[in-house]
Amino acid sequence: MKRVFSLLLAVLLFSFSFSASAFDVRDDIDGIVAYKTEEYGAKSVQGLADALAADAGTGAEWYVISLCALGEYDMSAYAQALADFLSENKLMGAEAERCALTFIACGVKSAYIDYAAENFIGKQGIMSYIWGLHLLNNGAKSSAYTAESTALAIIERQCADGGFSLTGDAGDVDVTSMALCALPPLIENNDEIANSAQKALSFISASQLESGGFKSRGVENSESAAQVITALCALGIDPRTDSRF
């Protein structure tokens with residue numbers, strides 16, 4: 001599921017960030033959506049949006065966020081199902097932040113958004129800082145953190161090689177790319193954050209394999225490549241033409 005989401009999000013950002021005249025990804029997007037629509041037994045993309053409600057709170061959020069980026073669909077059934085799920089299940093850390101981000105993507109002004117920002121930023125390692133920064137970048141409020149202080153908390157965890165990782169002293173392409181996706185709104189006005197982002201970008205460039213792909217935990221995979229594309233697009237870098245890639 002996570003890998004399909006990563007590819008879907010990557011091609012969405014890729015197609016919306018740059019002209020698709022030389023590299024049209026619309027067929028790829030349509031193919032991924034068609035695959036998931038068939039898997040859920042839905043008859044349309046709106047039908048898929050409705051069917052995802054059955055998995056609210058357990059991972060369907062990535063598909064919902066991607067569908068919200070793809071077009072204007074009625075996500076009310078999913079949003080209600082997610083609210084119901086959260087009323088009965090207590091999520092922590094990055095999982096709670098993921099659901100809060102989904103409410104934002106759906107355009108739902110849920111109290112859960114500020115609740116997640118107030119209670120879970122930094123409470124589950126680097127990913128809770130990264131997803132927390134996305135929340136703050138999108139209007140969530142926290143009494144303990146600002147977007148800048150959260151970004152600084154992220155870059156404090158940068159490895160010596162320029163990358164970021166869940167554990168250990170060596171950077172991981174996936175985690176580094178996800179960190180880079182959250183930092184762009186803070187880069188222009190903070191040199192420390194900008195310098196950290198450049199080091200992370202150099203780490204990703206140096207990590208590219210001869211095949212053009214990327215690996216995580218020692219294995220080349222499509223998710224890592226998709227995460228890199230997403231990060232580059234978030235930074236305004238065209239992955240088709242930039243000489244570092």
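This note sets out numbered points on a predicted model of a protein chain.

1. Overall fold. The secondary structure of the protein chain consists of 13 helices and two strands. Its radius of gyration is 18 Å, close to the 18 Å that the globule rule gives for 245 residues, so the chain is as compact as a globular protein of that length. Taken along the principal axes, the box filled by the C-alpha atoms is roughly 45 × 45 × 30 Å.

2. Of the 245 residues in the protein chain, 50% are buried. Among contacts with a separation of 6 or more, 61% are between residues 24 or more positions apart.

3. Serine 224. This residue belongs to helix α13, which spans residues 222-234. Serine 224 has a relative accessible area of 0% and is therefore buried, the cut-off being under 20%. When neighbours within four places in sequence are left aside, serine 224 is in contact with Val173, Asp174, Phe214, Lys215 and Ser216.

4. Serine 196. Helix α12, residues 191-207, contains serine 196. With a relative accessible area of 3%, serine 196 is buried. Its contacts, apart from neighbours within four places in sequence, are with Ile155, Gln158 and Phe164. The C-alpha atoms of serine 196 and glycine 162 are separated by 7.5 Å, although these residues are 34 residues apart along the chain.

5. Salt bridge in helix α2. The structure holds six salt bridges, and one of them joins glutamate 39 to lysine 36, with the closest N and O atoms 2.2 Å apart. Why are glutamate 39 and lysine 36 separated by about one helical turn? The two are three residues apart in helix α2, which covers residues 26-39, and this spacing along the helix accounts for the separation. As to accessibility, glutamate 39 is partly exposed at 46%, whereas lysine 36 is buried at a relative accessible area of 7%.

6. Arginine 240 and aspartate 238. A salt bridge links arginine 240 with aspartate 238, and the closest N and O atoms are 2.7 Å apart. Arginine 240 has a relative accessible area of 32% and is partly exposed. Aspartate 238, by contrast, is buried, with a relative accessible area of 14%.

7. Arginine 244 and aspartate 242. Arginine 244 forms a salt bridge with aspartate 242, for which the closest N and O atoms lie 2.9 Å apart. Is arginine 244 buried or partly exposed? At 35% relative accessibility, arginine 244 counts as partly exposed. Aspartate 242 has a relative accessible area of 18%; since buried means under 20%, aspartate 242 falls in the buried class.

8. Points to inspect in the model. For the salt bridges, the pairs to display include glutamate 39 with lysine 36, arginine 240 with aspartate 238, and arginine 244 with aspartate 242.

Definitions and conventions. Residues numbered from 1 in each chain as written. Predicted model: local features only at pLDDT ≥ 70, side-chain atom pairs only at ≥ 80, totals over all residues. Heavy atoms only, no water. Helix = DSSP H or I, 4+ residues; strand = E, 2+ residues; numbered from the N terminus. Rg over C-alpha atoms; globule rule 2.2 N^0.38 Å. Buried < 20%, exposed > 50% of the residue type's maximum accessible area, 1.4 Å probe, protein only. Contact = heavy atoms within 4.5 Å. Salt bridge = Lys/Arg side-chain N within 4 Å of Asp/Glu carboxyl O.
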